[in-house]
Amino acid sequence: MAATQDGKQETSEPNFDYMFKLLIIGNSSVGKTSLLFRFADDAFTPAFVSTVGIDFKIKTLYKNNKRIKLQIWDTAGQERYRTITTAYYRGAMGFILMYDITNEESFAAVQDWSTQIKTYSWENAQVILVGNKCDMEEERIVSVDSGRLLAEQLGFEFYETSAKDNINITQTFQRLVDIICDKMPDTLDSDPAGPTGSATTKLTDQPAPPPQSDCSC
């Protein structure tokens, strides 16, 4: 513990209980950056340019009064950056593997991306397959059933999302975090302070309010 200039003690304890490293991967232009900005900042702009290398944002969620810090990495989809991005797979606890429902090539590439996860990440990394741009129904090429079937074949859960219309964005990230928590030895699903120790609590963006006192004074 170090002292600050005003003499106060500065703690070195982290401001979170758990930190999960997540990666968003998939072909270029499937909407990875838009998905991240929608989730982290609740913002969307159609003017995004292709990610160069890798970038990340931080988002904190709460579950059973535990602070879960998400370090979410947005990776470049171009082949020339592949060596750089795969270096970040190590240590990632979860992946969002994305394709564009209006782009058959991005869907066909899902199998290759899945192989990269198995090759470069740890064996217990959790994956959700995401078909993005579901707001563009008139331009759809990949059906919902095709996406769901592929996810089942790969052993992944499946969502269709729209960063533009904010469809299933939060749900996708929250489900990925839930799956990771389920796989942890000391699961966050049970609240030790609860009366039975088995109650489950949904992830939220805000900490739980302080308990209300029964005192009427």
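**Fold order and selected contacts**

Start at the N terminus: the elements of the protein chain run β-β-β-α-β-β-α-β-α-α-β-α-β-α. That comes to six helices and eight strands. Please keep in mind that this is a predicted model. The protein chain has 217 residues, and buried residues make up 44% of them.

Let's take strand 7 first. Strand 7 covers residues 126–132. How many of its residues are buried? Seven of seven, so to speak: strand 7 is mostly covered by that count. Now look at the two directions. Gln126, Ile128, Val130 and Asn132 point one way. Val127, Leu129 and Gly131 point the other way. Both sets are buried. The general rule behind this: in a regular strand, side chains alternate between the two faces of the sheet.

Next, the partners of strand 7. With strand 6, the pairing is parallel and runs over seven bridges. In that pairing, Met98 has Val130 of strand 7 as its bridge partner. With strand 8, residues 157–160, the pairing is also in the parallel sense, over four bridges. The chain gets from strand 7 to strand 8 through helix 5, residues 144–154, and this β-α-β crossover is right-handed. Two bridges to pick out here. Leu129 has Phe158 in strand 8 as its partner. Gly131 has Glu160 in strand 8.

Now the aromatics. A search of the whole structure finds five aromatic pairs. One of them joins Tyr89 and Tyr120: the ring centres are 6.1 Å apart and the planes are at 85°, so the pair is edge-to-face. The cut-off for that label is over 60 degrees. Where do the two residues sit in the chain? Tyr89 is in the loop between helix 2 (82–86) and strand 6 (94–100). Tyr120 is in helix 4, residues 110–120. They are 31 residues apart, and the pair links distant parts of the chain.

Tyr120 has a relative accessible area of 41%, so Tyr120 is partly exposed. Ring pairs also bring in Phe95: Tyr89, Phe95 and Tyr120 are linked into a cluster.

On to the lysines. Lys57 lies over the face of Phe37, at 4.5 Å from the ring centre. Lys59 belongs to strand 4, residues 54–63. The charged end of Lys59 sits over the ring of Phe39, 5.4 Å from its centre. The side chain of Lys59 also reaches the backbone oxygen of Phe39, at 3.5 Å. Why does Lys59 count as buried? Because its relative accessible area is 16%, and the cut-off for buried is under 20%.

Last stop, helix 6. Helix 6 spans residues 169–183, which makes 15 residues. From first C-alpha to last, helix 6 reaches 22 Å. That is close to the 21 Å expected at 1.5 Å a residue. Which of its residues are buried? They are Ile169, Thr172, Phe173, Leu176, Val177, Asp178, Ile179, Ile180 and Cys181.

Over to you for discussion.

Note on methods:
Residues numbered from 1 in each chain as written. Predicted model: local features only at pLDDT ≥ 70, side-chain atom pairs only at ≥ 80, totals over all residues. Heavy atoms only, no water. Expected span 1.5 Å × (residues − 1). Buried < 20%, exposed > 50% of the residue type's maximum accessible area, 1.4 Å probe, protein only. Polar contact = N/O pair within 3.5 Å; in protein donor to acceptor, adjacent residues only side chain to side chain. Pairing = 2+ DSSP bridges. Right-handed = clockwise from strand over helix to strand, strands pointing away. Phe/Tyr/Trp six-rings, centres within 6.5 Å; stacked < 30°, edge-to-face > 60°. Lys NZ or Arg CZ within 6 Å of the ring centre and 35° of its normal.
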